[in-house]
Amino acid sequence: MRISRTLRASITVGLIGAFVGCAPGGSGAGDARSDVQKPRDARPAARTETNRYASAEGLPEKPALDGITIVVGNPAAHSTVQVYEDPRCPVVEEYERTGAEALQKLLLMGEIKAEYTLASFKDDRLGGDGSKRAVNALRAALQEGKFVEYHGVLFENQIAVESSGGFTTERLLKLAEKVPGLRSEAFDQAVRTMQYRSFVAASQRTYQQTGVDPIGPGTPTIVVNGHNIDGGLYGANFDAALFRHLVIDLHENPETWDSVYKPLKKKMEAEAAES
């Protein structure tokens, strides 16, 4: 996704950009927090960083108490990035190649955790049941403690898979071979029989109930500590450096949402509407 020069130039004070994802409709999950204090500059390059987790394979992963949300990273982390994805959405694939790379590095540091809600509305748009089968397979991988690795493999191969027919059962099993230790009788049976079909349906309903639009906010939808990174800020999701800056800023300086990012978002949306 092309990022404007203005967005890149604004990295020390805010983020700008307006793009569209796989959107059935809606504007997102809403905002939270209203503490207003004097903002201070947060430059990630000046940070002293150490990893709590050595690699993605070591990241904790589990279903949340609702049984639907998939939580990745340090359960005690003080900041949360909510990620809404449909496995067949090409814009999600772009996010996974860009902003999500920065998110994974932050997860390894242990100060941020991610919460995934998996949608499957693209099946209605494209035909077939590839999204539903992929979500079911991801839930099966979670059962084996391999969600993070398998999630990465699916998006690394999404373009090739979609161009050749989508996420079929056999393709999902073949891709699982790229994750050491994932293929097993239990995993294969779960994938072949759609063992987690109730999870797939519940996850789609949760996605649809997110935000103000009854058909869901679109994918990817990214929410950082309750703040939807959409509209005038949406482009930041697709630039690893900008996304990292934004997440760290809202983690270390939560007051900057009201003092910097929210006003900037409104300003850029107004300017875009006038152009």
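**Entry 1: H5 against H10**

I looked up how helix H5 (residues 130–143) sits against helix H10 (residues 197–208) in this predicted model. The two pack at an angle of about 110 degrees, with their axes 9 Å apart. H5 and H10 therefore count as roughly perpendicular to each other. My cut-offs for the angle: under 35 degrees is roughly parallel, over 145 roughly antiparallel, 65 to 115 roughly perpendicular, and the rest oblique. Axes are lines fitted to C-alpha atoms, for helices over the stretch in contact, and angles run from 0 to 180 degrees between N-to-C directions. Helices (H or I, at least four residues) and strands (E, at least two) are DSSP runs, numbered from the N terminus.

I noted the crossing of H5 and H10 as right-handed. A crossing is right-handed if the near helix is turned clockwise from the far one by less than a right angle, and left-handed if anticlockwise. On the H5 side I listed Lys132, Val135, Asn136 and Arg139, which meet Arg197, Phe199 and Val200 of H10. By class this contact has three nonpolar, one polar and three charged residues. Contact means heavy atoms within 4.5 Å. For the classes, Ala, Val, Leu, Ile, Met, Phe, Trp, Tyr, Cys and Pro count as nonpolar, Asp, Glu, Lys and Arg as charged, and the others, Gly among them, as polar.

**Entry 2: conventions**

I number residues from 1 along each chain as its sequence is written, and side-chain values use heavy atoms, with hydrogens and water left out. As the model is predicted, local features need pLDDT of at least 70 and side-chain atom pairs count only at pLDDT 80 or more, while totals for chains, interfaces and linings use all residues.

**Entry 3: the chain as a whole**

I find 12 helices and six strands in the protein chain. Of its 275 residues, 54% count as buried. Buried means under 20% relative accessible area, exposed over 50%, and partly exposed in between (1.4 Å probe, protein chains only). Of the contacts with a separation of 6 or more, 75% come from residues 24 or more positions apart.

**Entry 4: H3 and its cover**

I went next to helix H3 (residues 99–109) and helix H11 (residues 240–252), whose axes come within 7 Å and cross at roughly 45 degrees. H3 and H11 are therefore oblique to each other. Their crossing is right-handed. Gly99, Ala102, Leu103 and Leu106 in H3 meet Ala240, Phe243, Arg244, Val247 and Ile248 in H11. I count seven nonpolar, one polar and one charged residues in this contact.

H3 is mostly covered, with eight of its 11 residues buried. Among the buried ones are Leu103, Leu106, Leu107 and Met109. Their cover includes strand E2 (70–73), strand E3 (79–85), H2, E4 and H11. Just after H3, I see a positive phi of about 90 degrees at Gly110.

**Entry 5: aromatic pairs**

I paired rings of Phe, Tyr and Trp (its six-membered ring) if their centres lie within 6.5 Å, with planes under 30 degrees apart counted as stacked, over 60 as edge-to-face and the rest as tilted. The count comes to six aromatic pairs. One of them, Tyr95 with Phe243, is edge-to-face at 5.9 Å centre to centre and 85 degrees between the planes. This pair links distant parts of the chain: Tyr95 is in helix H2 (residues 90–97) and Phe243 in H11, 148 residues apart. Both Tyr95 and Phe243 are buried.

Tyr234 is buried at 6% relative accessibility, and Phe238 is buried at 3%. Tyr95, Tyr234, Phe238 and Phe243 form one aromatic cluster.

I checked Thr117, which lies in strand E4 (residues 112–118). Thr117 is buried, with a relative accessible area of 4%. Leaving out residues up to four places away in sequence, Thr117 touches Thr69, Val83, Tyr84, Glu85, Ser203, Thr206 and Tyr207.

**Entry 6: backbone in the loops**

Pro220 is in the loop between H10 and strand E5 (221–224).

Met194 is in the loop between helix H9 (185–192) and H10, and is buried at a relative accessible area of 10%. Asn225, also not a glycine, has a positive phi of about 50 degrees. I placed Asn225 in the loop between E5 and strand E6 (227–228); Asn225 is buried, with a relative accessible area of 12%.
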